[in-house]
Amino acid sequence: MQSIKITNLAKTYGRHQAVDNLNLEIKKGELFGFLGPNGAGKTTTIKMLTGLLEPTSGTAEIHGIDMWKKPLEAKKRIAYVPDQPNLYPKLTGWDYLEFVASVFQVPQQQFQQKAKEMLHLFNLTKQANDLIESYSHGMKQKIAICGALVHEPDVLFLDEPTVGLDPKSARTLKNLLRELCDNGMTAFVSTHILEIAEQMCDRVGIILDGRIIALDTMAELKSSGGDSNLSLEDIFLELTGGEDQQALINEITDEGERR
Ligand SMILES: Nc1ncnc2c1ncn2[C@@H]1O[C@H](COP(=O)(O)OP(=O)(O)OP(=O)(O)O)[C@@H](O)[C@H]1O
C-alpha cells in the first residue's frame, strides 16, 4: 500500500486553478522532495494533504485512509510543520510538547523519553522551560519539529523546514529525516533549497502552475536531461523557465554595463 496517494487532486481559488488534477503516489519510507517556483501550488497541495484546506475535487489518502472522509483517523497518522509554525507563546517548550503528546494520546513515559531525546538533538534542553515567546525564529522552528515527531507519525509533512535553521540544526534535521525514513517513516518535504533536495531526497517532484512537470529520482532526472553533470538547479531552471529570466537579467546587467 502507498503511504500517500493523491488522485486527481485539484483546488481552484475563484477562477484560478492553483492545483490542477494532481496524481502522485509515495511509498512507505520514502523521502520525497516537493519543489516548485513561488506560487506553483506547493503549500496548497500540502494543506489539502494534511486536512487543512478542502480540495475542490479529487482525493488524498494516507495509508489508504481518505483525509477528507475519515479526517480523525488520517490525522492520527501524520504530522505537519508549516513554514511559519503557529505556536502557543505562553507555553514553555516542554509544555508545548506535552500538549501535543496529550492530543495524540502518547503514554506519559514514552512522551518523557521522546521529548528529552528531541530537545537534546536540537540543542533546546536548556531552554525547555522558557516561554516560547522568548524563542528565536529558528528555535520556534525546532520546537515545532520536535512537536511533530513526539507522537512518531507515519507520515511527516514539512514546508520549508530548513529556513531559519542554523547550519548545524539543518544538518541535524537532514540526518534525522534520513534515519527516520530508513526506519519506515515517510517524509514529504517542500523546499526551495535545491541542494537539500539533491542531497537527501529519494525522489523529487517539480510542480509548476499546479501540475507536476517532473517526477523521478535525481539520477533519472539527470540522465533524462542527457547530461549527468547537470545540477538539480540546472534541471529546475530549465523546466520552470527560470533560465529565460536569467537571460533577461544578463541582458539588463550587460546593458547597464555598456551605458
Ligand atoms: N487563499 C488564497 N486565495 C486565492 N489565491 C490563493 C490563495 N492561496 C494561494 N493562492 C494562489 O494559489 C497559487 C498557489 O499558491 P501556493 O501558496 O500553494 O504556492 P507555493 O508553491 O506554496 O508558493 P511559495 O513557494 O511562494 O510559498 C498562487 O497563485 C497563489 O496566489
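This is a predicted model: local features need pLDDT of at least 70, side-chain atom pairs count only at pLDDT 80 or more; totals for chains, interfaces and linings use all residues.
On the α3 side, the contact is made by Gly 93, Tyr 96, Leu 97 and Val 100, and on the α5 side by Ile 143, Cys 146 and Gly 147. Of the residues in this contact, five are nonpolar, two are polar and none is charged.

The next element is a sheet. Strands of a sheet pair through backbone hydrogen bonds, either parallel or antiparallel. Here four strands form an open sheet in the order β2-β1-β4-β5, and the pairing is antiparallel. Strands β2 (16-26) and β5 (65-66) stand at the edges with a single partner strand each, so one side of each has no neighbour in the sheet. Strand β1 (residues 4-13) runs antiparallel to strand β4 (residues 57-62), and five bridges join the two. Within this pair, Lys 5 of the sheet stands opposite Glu 61 in β4.

Val 189 belongs to strand β8 (residues 186-190). A residue is buried if 20 or more other C-beta atoms lie within 10 Å of its own; Val 189 has 27 within that distance and is therefore buried. Beyond its neighbours within four places in sequence, Val 189 is in contact with Phe 32, Gly 33, Phe 34, Leu 158 and Pro 161. Cys 201 lies 12 residues from Val 189 in sequence, and the C-alpha atoms of the two are 8.7 Å apart.

Technical notes:
Residues are numbered from 1 along each chain as its sequence is written. A residue is buried if 20 or more other C-beta atoms lie within 10 Å of its own, exposed if 12 or fewer, and partly exposed in between; C-beta atoms are placed from the backbone. Two residues are in contact if their C-beta atoms, placed from the backbone, lie within 7 Å. Two strands pair if DSSP finds at least two bridges between them. Ala, Val, Leu, Ile, Met, Phe, Trp, Tyr, Cys and Pro count as nonpolar, Asp, Glu, Lys and Arg as charged, and the others, Gly among them, as polar.
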